Amino acid sequence: MDCPKCGQEMEPGIMYTEKYGYWTQQEKLPIFRAPKDSVLLRAPGDDSASGFDMFPFHDFPGTMLCRACKIAVFEYN
C-alpha cells in the first residue's frame, strides 16, 4: 500500500494497543516489554512515558506504517 500523504510504500505490521499503540512486524508479542522494532504511536506533543506494561493488548493485524509521514493505517470494526 502507498502512503496517502507522500506516496511512498508503507510497511505492513501489527498494531497492539492498551494505553498507547505500538506497531511492530513481529507476529508474537513479547509480554511486558516492547518488541525491538516497535514504533510508539502517540498523539503529537504527548511526552508521556511508555505504557508497555499492561496486559492483555488489543491487536490490529494488517496495520500499514509510513515512517516518513508518521501515519498508521488500520481496519476497525
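Of the 77 residues of the protein chain, 30% count as buried, where buried means under 20% relative accessible area, exposed means over 50%, and partly exposed covers the values in between (1.4 Å probe, protein chains only). This is a predicted model, in which local features need a pLDDT of at least 70 and side-chain atom pairs count only at pLDDT 80 or more, while totals for chains, interfaces and linings use all residues. Residues are numbered from 1 along each chain as its sequence is written, and side-chain values use heavy atoms, with hydrogens and water left out. The accessible surface of the protein chain, computed by the Shrake-Rupley method with a 1.4 Å probe and with only the protein chains shown counting as cover for residues, comes to about 5400 Å², and 51% of it belongs to carbon and sulfur atoms.

The protein chain contains 0 helices and 5 strands, and its elements run β-β-β-β-β from the N terminus on; helices (H or I, at least four residues) and strands (E, at least two) are DSSP runs, numbered from the N terminus. Among the contacts in the protein chain with a separation of 6 or more, 49% come from residues 24 or more positions apart, a contact being heavy atoms within 4.5 Å.

Confidence is given by pLDDT, the predictor's confidence in each residue on a scale from 0 to 100; the protein chain averages 77, and 68% of the residues score at least 70. In the protein chain, confidence is lowest in strand β3 (residues 39-41), at a mean of 72, and highest in strand β5 (residues 71-73), at 94.

A polar atom of the Thr-24 side chain lies 3.1 Å from the backbone nitrogen of Gln-26.

A search of the whole structure finds 1 salt bridge, defined as a side-chain nitrogen of Lys or Arg within 4 Å of a carboxyl oxygen of Asp or Glu. Arg-67 forms a salt bridge with Glu-11, with the closest N and O atoms 2.6 Å apart. Because Arg-67 lies in the loop between β4 and β5 and Glu-11 in strand β1 (residues 11-17), the pair ties together parts that are 56 residues apart in sequence. Arg-67 is partly exposed at 45% relative accessibility, and Glu-11 is partly exposed at 23%.

The loop between β4 (58-66) and β5 also holds Lys-70, which has a positive phi of about 60° although it is not a glycine. Most residues other than glycine have a negative phi. Lys-70 counts as exposed, at 73% relative accessibility.

Technical notes:
A polar contact is a pair of N or O atoms within 3.5 Å; within protein, one must be able to donate a hydrogen and the other to accept it, and residues adjacent in sequence count only if both atoms are side-chain atoms.
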